[in-house]
Amino acid sequence: SGNRAISVDETKTIYSGPACLLADREGFKETHDASDDSDCAVLIMEGDVLPDNTVCEALADRCRVIPSHLGIVVAPTASLAGVVQIAGRSVEATLQKLDILGIDPTMIRSAVGRCPAASPGGDALQALGRVNDVLVRGSQVWLAADGPGSIELLSMLPEIIASTSRDYDRPFLEILAEAGQFFQIDKSYFGPAEISIVNLENGSSAHIGKRDESRLATLVKL
C-alpha cells in the first residue's frame, strides 16, 4: 500500500510494511476488495528517532491491534539496514505504480524483485538520494498476472518502468529539492528499471527496460 508519513517528535518519518494495510487510511481495502484482519502489525520506519509511547499507541490504535501486538523496526536511511530494506521495496514500488496507472494490483498472483543495495554511510539526506537513485535505476521485477485486464497489462509495460518518467535523468535530491518534501514528489517517478510479466491465462509474456549499469556503478561501491 505504499509509503506513509507520520509525525515522530515533530519530524516526518517514512514508513512502510504490512501495518499500512491494517491502518488503511486511503481506503485500499475497499477500492481493491482486499482484506487483512490480522491481530498483529509490523511497521518499518525510516529514520534515526525512536517513536515514543504516545506515537506507538496511536499507531496500534490506527491498526486496530493492542500495543503489545505492534512490532516496529527503525533504521536510519544511511545505515546498512536502511539501504537494504529500501532496496527490498522493488516489488512494492512496482505495485504502487500499477495502482497509480489505474491497474488493479490484485490481479498479480506472484511477484519477485531484486535491487542492489546503495552504499551506506554519510548523512541521511545524501543516503536518501542514493537509495532512491538506485531503486529506479537498478530494480528488476518479475510479475505473474491473472484475471480481468491481465492481457491489457502487457501492453502497458512502457508506462510502468521508471525511465519513462520525465524526471528519470535527474538526481533524486534535485527532484526532492524542487518538490519541497518527499511526499510532494510525483508518485509516478517511482518504478522498476526493468520488468517482466507473464500472463497466466494464455502464457504470453512481455519484458521491457534495463538497469542503468553506468549510473549504478557510482551509487553502489563494491
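Reply: Contact here means heavy atoms within 4.5 Å. The model under discussion is predicted.

Me: Among contacts in the protein with a separation of 6 or more, what share is held by residues 24 or more positions apart?
Reply: Contact is judged by heavy atoms within 4.5 Å. Counting contacts with a separation of 6 or more, residues 24 or more positions apart account for 71%.

Me: How many helices and how many strands does the protein have, and what percentage of its residues is buried?
Reply: The protein has 10 helices and eight strands. A residue is buried if its relative accessible area is under 20%. Of the 222 residues in the protein, the buried ones make up 45%.

Me: In what order do the four strands of the open sheet lie, and which are the edge strands?
Reply: The order is E5-E6-E7-E8, with mixed pairing. An edge strand pairs on one side only, and this holds for strand E5 (108-114) and strand E8 (205-209). Neighbouring strands of this sheet are turned by 10° against each other on average, direction ignored. The edge strands are therefore E5 and E8.

Me: Which strands does helix H5 touch, and what angle does its direction make with that of E5?
Reply: Helix H5 (residues 90-100) packs on the sheet and touches E5, E6 and strand E7 (194-199). The direction of H5 makes an angle with that of E5 of about 130°.

Me: Is Ser 196 buried or exposed?
Reply: Ser 196 is found in strand E7. Leaving aside neighbours within four places in sequence, Ser 196 is in contact with Val 141, Trp 142, Leu 143, Ala 206 and His 207. Its relative accessible area is 17%, and the limit for a buried residue is under 20%. Ser 196 is therefore buried.

Me: Why do the buried residues of helix H9 lie on the same side?
Reply: The buried residues of helix H9 (residues 172-179) are Phe 172, Ile 175 and Leu 176. They lie on the same side of H9 because they cover an arc around the axis of only 100°. An α-helix has 3.6 residues a turn, so residues three or four places apart point the same way. The arc in question is 100°.

Me: Which residues are exposed on the other side of H9, and which helix is included in what covers its buried residues?
Reply: On the other side of H9, the exposed residues are Ala 177 and Glu 178. What covers the buried residues of H9 includes helix H6 (124-138).

Me: How many disulfides are counted?
Reply: A disulfide requires a pair of cysteine sulfur atoms within 2.5 Å. Cys 40 is partly exposed at 39% relative accessibility, and Cys 56 is partly exposed at 23%. By the distance rule, the count of disulfides is zero.

Methods. Residues are numbered from 1 along each chain as its sequence is written. This is a predicted model: local features need pLDDT of at least 70, side-chain atom pairs count only at pLDDT 80 or more; totals for chains, interfaces and linings use all residues. Side-chain values use heavy atoms; hydrogens and water are left out. Buried means under 20% relative accessible area, exposed over 50%, partly exposed in between (1.4 Å probe, protein chains only). Helices (H or I, at least four residues) and strands (E, at least two) are DSSP runs, numbered from the N terminus. The arc is that of the directions from the helix axis to the C-beta atoms. Two strands pair if DSSP finds at least two bridges between them. Axes are lines fitted to C-alpha atoms, for helices over the stretch in contact, and angles run from 0 to 180 degrees between N-to-C directions.
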